[in-house]
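Visitor: I am new to this structure. Please show it to me, and then I will ask about the words used for it.

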Amino acid sequence: MKILMKIFWGTCILFFITDLHAQKAVSDTLAYAKKFETNKQKYIGKPFSLLLKDMTQLQFKKAKSDINEDKENALPSTIFRFSDKEVNSPNEVSFVIKWKADTAPVTPIEFFEQEHNYRFTLNERNFFEKKIIKDIVVYK
């Protein structure tokens, strides 16, 4: 009986410790995204990977890039979404990142967007993570 009580209490303690360290659900996506817009000075001029590292409670699900013919600034911005809904769905929180101009080819992201139906997969993450953030705008 003593062994069963020790196992019971040990399990309870592990459960509560795990629960305390678990990620808390985000109840207000817009407020969560706005925190990053408010603190955008921390991210401007830095690689996108820093922003992704700080987004611990909610990750992007969709991404759609604005691609230009201008080789000097072929990728001016990307709209990120937190839901799995269609990327052009209205009334969704939009997290827009304007990128610092560079001459890197955009062919990979064009391919990934078509191949993955705008889902923000590891391929997209790897493509963007070294891009430098110029500005952040959040709206609904």
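Guide: The questions below go through the terms one at a time.
Guide: This is a predicted model, in which local features need pLDDT of at least 70, side-chain atom pairs count only at pLDDT 80 or more, and totals for chains, interfaces and linings use all residues. Residues are numbered from 1 along each chain as its sequence is written, and side-chain values use heavy atoms, with hydrogens and water left out.

Visitor: Why is the pair of Tyr32 and Phe82 called edge-to-face?
Guide: Rings of Phe, Tyr and Trp (its six-membered ring) pair if their centres lie within 6.5 Å; planes under 30 degrees apart count as stacked, over 60 as edge-to-face and the rest as tilted. Tyr32 and Phe82 are 6.5 Å apart, centre to centre, with 75° between the planes, so the pair is edge-to-face.

Visitor: What makes the pair of Phe60 and Phe82 tilted?
Guide: The ring centres of Phe60 and Phe82 are 5.1 Å apart and the planes stand at 35°, so the pair is tilted. Phe60 is in the loop between helix 3 and strand 1. Both Phe60 and Phe82 are buried, which means under 20% relative accessible area, whereas exposed means over 50% and partly exposed lies in between (1.4 Å probe, protein chains only).

Visitor: How many aromatic pairs does the structure hold?
Guide: The structure holds 19. One aromatic cluster includes Tyr32, Phe60, Phe82 and Phe95.

Visitor: Why are the buried residues of helix 4 said to line one face?
Guide: In helix 4, Ile109, Phe112 and Glu113 are buried. Seen down the helix axis, the buried residues fall within an arc of 100°, so they line one face of helix 4; the arc is that of the directions from the axis to the C-beta atoms. On the other side of helix 4, Thr107, Gln114 and Glu115 are exposed. The buried residues of helix 4 pack against strand 1 (62–66) and helix 5, where contact means heavy atoms within 4.5 Å.

Visitor: How do you know that the charged end of Lys64 sits over the ring of Tyr118?
Guide: A charge sits over a ring if NZ of Lys or CZ of Arg is within 6 Å of the ring centre and within 35 degrees of the ring normal. The charged end of Lys64 is 5.9 Å from the ring centre of Tyr118 and counts as sitting over that ring.

Note on methods. Helix = DSSP H or I, 4+ residues; strand = E, 2+ residues; numbered from the N terminus.
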